[in-house]
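Biologist: Please show me the model, and let us examine a few of its residues together.

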Amino acid sequence: MPFKASFIFVCNDTEPNRDKAVITNDAIELHVVGVSTYVQAVAEAKRLYADGVRAFELCAGFGTNGIAAVKNALPDDAVVGAVRFDLHPAFGYKSGDAVFA
């Protein structure tokens, strides 16, 4: 049975019901989903958790507040990691906390 993991990215004009993919092989079932707010990220993380995902990787667009929001919304057996830029070049060198919160 493949390990279930996710990568959640945050970007303007992104819709979780539209901007998603699942990549599966014998080792992993990776759910990739795009959100446009931290509120959507929390909702998607909870949905993915309910579907058996336990590893959550957040893109560099998430600031420290966004990472904390996702982590705090999940049970203790969920592991949350993040790619990090202090100031994201795609967002005018602002933190995701200033753009998506």
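Modeller: Helices (H or I, at least four residues) and strands (E, at least two) are DSSP runs, numbered from the N terminus. This is a predicted model, in which local features need pLDDT of at least 70, side-chain atom pairs count only at pLDDT 80 or more, and totals for chains, interfaces and linings use all residues. Residues are numbered from 1 along each chain as its sequence is written, and side-chain values use heavy atoms, with hydrogens and water left out.

Biologist: In which helix is Asp97 found?

Modeller: A helix covers residues 96-100, and Asp97 lies within that range. The helix is therefore H3.

Biologist: At what distance does a polar contact join the side chains of Asp97 and Tyr38?

Modeller: A polar contact is a pair of N or O atoms within 3.5 Å; within protein, one must be able to donate a hydrogen and the other to accept it, and residues adjacent in sequence count only if both atoms are side-chain atoms. The side chains of Asp97 and Tyr38 are joined by such a contact, at 2.7 Å.

Biologist: Is Arg47 buried, partly exposed or exposed?

Modeller: Buried means under 20% relative accessible area, exposed over 50%, and partly exposed in between (1.4 Å probe, protein chains only). Arg47 has a relative accessible area of 35%, so this residue is partly exposed.

Biologist: How many of the 8 residues of strand E3 are buried?

Modeller: Strand E3 comprises residues 28-35 and is largely enclosed by the rest of the structure. The reason is the number of its residues that are buried, which is 6 of the 8.
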